[in-house]
Amino acid sequence: MSVDASGLAIVPAPDAPRPETSLDSRSRVRRETIKQLVKSPTFLIGVAVVLFWILCAFFSDAIVPHDPINDSLGAGTSAAPSSSYWFGLDEQGRDVFSRVIAGSANILKVAPLATAIGIGLGTLLGLVMGYFRGWTDNVIGRIIDAVLAIPLIVFAILILTALSGQSEGITVTPLRLAIVIGLAFTPPVARTVRAAALAERDLDYVQAAKLRGELAPYIMLAEILPNVVPTIIVEATVRLGYAIFTAATLAFLSYGVQPPTPDWGLNIAEQYQNVSFAWWESIFPALAIASLVVAVNLIADAVQQVLEG
Amino acid sequence: MSAGVTPVPALELRDLDIAYRVRGRNREVVRTVSLAVQEGECYGLVGESGCGKSTVALAIARYLPSNGIVTGGGVSVAGTDVLALRGEEMRAYHRDTFSMVYQNPGTALNPTLRVSRQLTEVFELRGASRSQATVRAIDALMEVKIADPASVMKRYPHQLSGGMQQRVVIAMALATDPKLLVLDEPTTGLDATVEAEVLDLISELQKRHHTAVLFISHNLGVIGKMCRRVGVLYAGQLVEEGTVDDILQKARHPYTVGLLRCIPQRGRRKQDGRLDTIPGFLPEIGTHLPGCVFVHRCALAEEICREQRPEPFQVGEQHTSRCFFHEKAATLPRDTAERGALPVVDRAAEPLLRIEDLAMTFRQDGHDIYALAGVSATLQAGETLGLVGESGSGKTTFARALLGIIEPTRGSVAVDGRELPSNLSGRTSSDVASMQIVFQNPDSALNRRHRVSRLLARSLKKLLGLTGAKAEQRAHELIDDVRLPQRALAARPTQLSGGQKQRVAIARAFSGEPRLVVCDEPTSALDVSVQAAILNLLVDLQAEHRTSYVFISHDLGVVRYLADRIAVLYLGRLMELGTAHEVFEAPHHPYTEALLSAVPSADPSHARIKLSGDIPSAANPPSGCVFQTRCPRKLGAICEDVEPPLADVGGGRLMSCHIPLEELRRIQATPPGTAP
């Protein structure tokens, strides 16, 4: 029988069964976490729907039965859903089904990019506010409050005007749209990250870092940031849902891609007056938006449950 | 109550099995626990963290978390099958039969309601009118010895000290005159002097109300003082049960024997040799254990222990032990490893560290808080200075001001006769490397996202400028130095146990080849078996590197084991400073005397000096001697008017008291309590 005198050795007595508190326990925990995620039906449904729309966005040319922009089908006017045109035709005789499938491309470009911008900037600001506290926190915090007080549409016009050249007026590109939404999302992300960073900065490992002469940027990025990553992941999934919604809203308000490009928000804007007699023209794009937002939120919920217990 | 031949026990657990469902699998936490608590009895349940103590308590309360499942056995309280209770029956059970007091009184009270509302509610639930309830609430507060119940009733919980809050919680728990009271670590968060008072109160009330009490604690001293019978829980199994004397004097299970030996016993010093430890660790919850639950850590284990689960052996009248080799449990081998010679402290040499008049005043809500009011001390190379005092006495502020983490309001710190800049950012990297710290809580002290190798490499780079292969080699040496296996370098802190994490923290503190390491309660977050191993390590490292320690602790046994000299702090002022021997042997400063006598002890002849009230606010310290408001030896007006100087009372021993040393010697020779 061998007993290690240190009292705490990781290696158990050679002839004893290996206790489970061992170095591989972390990868085991991670495996079990992923297993649990894969077992969760909400997560799977969410992923399936999102994957479906991503496929649509990438391969819309191959999937769509008709050209979403140029084909004028049937009588060249709107027609109710039928076996040949599942979602019906719009007033110019275009196939609504094809337009819904192709309309995913724009939103799936803008929303993730906007989320990335919002998360990136918000994380930096949040870390700075949470770490320095005091004056820095107060000044940035008040600016954030001011930004949050501006209505989204006014904010979007302001930013788009600033981004557009003097001669061109307001022109919208997917990148500009992503910047607008990303900037609009920076304040709420910064607040969330700030709260997480505030809790971390009081832990002793931050003191220990100072006690070996580390500078503030290192402490924020190398010490605190890795510990607030779970919060950021949860925030990112939630923000992605909002970004889809916001992009659709801006498109509806004509601050998105321009006609005749198919886009869900734009389609609704063009057709919603007709909803009383040609409901299929606006209901199907609306359902598409709803399905993607709900799917992303299902994923967000599942991720949150697994990461935050 | 029927006076039948077999009275119904107040609490009976029959072969209780509890599991937690974690990540889709049932993990056993409590394994076939059977015990009974009779009416009017105080039963102690002792064990280290993670052994299932609180889970047992939660099962009795029917408060198991949603993933906690009773997989077998039963719980009855006063004859009622608790696990079968539903709806209104459960409400009645919680209202009338059962009460529980938790470790943290701050979270047991609703912070948004005044004490009066929370306390009267208990009586109103049982049918009293509002005015009757108020009268009874005031009575209940008087019963828990709250001096001014009317004013306490008007306050919010946060306006009360921890000790007062716990009294209010106890008053609430006893208000319903329950059949069973479960106390889960009720004094663990309290200072020793307050703990002693609360424990006295609990025993008195328990006797008066004749309540059955299940007292859960990790502290054998507290259990010994409070209980008549004790059960020792390990890995969810009751490994030994007996009377307090059976357990503390004649333990018959190797785990209990080991646990008792880990505690620095009365008067044991580092010069006397290493402390015994229990090797290995608690099996992770949910581990399948076909044999004895303690087999992995037991030096007496043989083949049979691995294959067969021992049933409780009757080893005395009321004494059982789940060990096949209970007859030779007391012969458990001791740790006899030799250690290098301890450094010889040269008193005449220039001190390594000289602290002059270190003071720190915080400003909070428009008040000045005098956290540290001018403390001076010196420390020789290789010496350990113990720092003791209640919470709020300025121990941690002292350590942080010394290290430069906070900038002191005044005073200076000199190493080798050279004064250091008071702010950390003004110090050179060799200054910074020369003084390091081991924090209290290793969970918070190590960045849980970094691997151990990175933690050490970064320290080596910043403190010594080592990089590449040299740094790697040094990291390997450090890991060896703290007796961790090399593969710990690849681990993240979350993969290590509490003791292992603290070893990594110690390795990090030693990475800059420090002259002085501040240990801020380094073992108070650890279990006693792990504590002993860490203390051994600290002494070994001191012997190897001739490092000096400033060792902060509230555990006087630990301080006595480790410290060469001891400083006693109260309200940011030095009350006494002397060698460990001087401070622990009479005559002491009256505050030291009170601290020493507050240590819970199973010894009934151990009479206690009672300190009344709580430590005064540092924003508004008392006039004259700061200790005069609580001092049991107070002389009179002189103590209220004149602050006693910190005077040399002979042989370099410093003391701040108006009572001359000879007089202290005389009055402390007579049993306490007889003197005013």
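Tyr234(B) stands opposite Gln237(B) in β10(B). The two strands involved, β9(B) and β10 (residues 237–243) of chain B, pair in the antiparallel sense over 6 bridges. Their hairpin has 2 residues between the strands, and Ala235(B) there takes a positive phi near 50 degrees. The model is predicted.

**Chain B overall**

- Chain B contains 24 helices and 24 strands.
- Its radius of gyration is 26 Å, close to the 26 Å that the globule rule gives for 676 residues, so chain B is as compact as a globular protein of that length.
- The C-alpha trace of chain B spans about 75 × 65 × 45 Å along its principal axes.
- Of the 676 residues of chain B, 51% count as buried.
- Among contacts in chain B with a separation of 6 or more, 68% are between residues 24 or more positions apart.

**Domains of chain B**

- Chain B is divided into domain 1 (11–227), domain 2 (248–331), domain 3 (353–443 + 514–570) and domain 4 (587–669).
- The C-alpha centres of domain 3 and domain 4 of chain B are separated by 23 Å.
- Across this boundary, 11 residues of domain 3 of chain B are in contact with 12 residues of domain 4 of chain B.
- On the domain 3 side, the elements giving two or more residues are β14 (367–379) and β21 (565–570) of chain B.
- β14(B) supplies the largest share of that side, 5 residues.
- The residues on the domain 3 side divide into 7 nonpolar, 2 polar and 2 charged.

**The sheet that includes β14 of chain B**

- An open sheet of 4 strands in chain B has the order β14-β13-β16-β17, with antiparallel pairing.
- Its edge strands are β14 and β17 (418–419) of chain B, each pairing on one side only.
- β13 (residues 353–364) of chain B runs antiparallel to β14(B), and 10 bridges join the two.
- Leu358(B) has Val375(B) in β14(B) as its bridge partner.
- Helix α13 (residues 395–403) of chain B lies across β13, β14 and β16 (410–415) of chain B.
- The helix α13(B) runs at about 115 degrees to β13(B).

**Domains of chain A**

- Chain A is divided into domain 1 (29–102 + 259–309) and domain 2 (108–245).
- The C-alpha centres of domain 1 and domain 2 of chain A lie 29 Å apart.
- Where these domains meet, 14 residues of domain 1 of chain A are in contact with 10 residues of domain 2 of chain A.
- On the domain 1 side, α2 (41–63) and α11 (280–308) of chain A are the elements that give two or more residues.
- α11(A) gives the most to that side, with 11 residues.
- The residues on the domain 1 side divide into 11 nonpolar, 2 polar and 1 charged.

Notes:
Residues numbered from 1 in each chain as written. Chains lettered and ligands numbered in written order. Predicted model: local features only at pLDDT ≥ 70, side-chain atom pairs only at ≥ 80, totals over all residues. Domains from an automatic or database assignment. Contact = placed C-beta atoms within 7 Å. Nonpolar A, V, L, I, M, F, W, Y, C, P; charged D, E, K, R; others polar. Rg over C-alpha atoms; globule rule 2.2 N^0.38 Å. Buried ≥ 20, exposed ≤ 12 C-beta atoms within 10 Å, placed from the backbone. Pairing = 2+ DSSP bridges. Axes fitted to C-alpha atoms, helices over the stretch in contact; angles between N-to-C directions.
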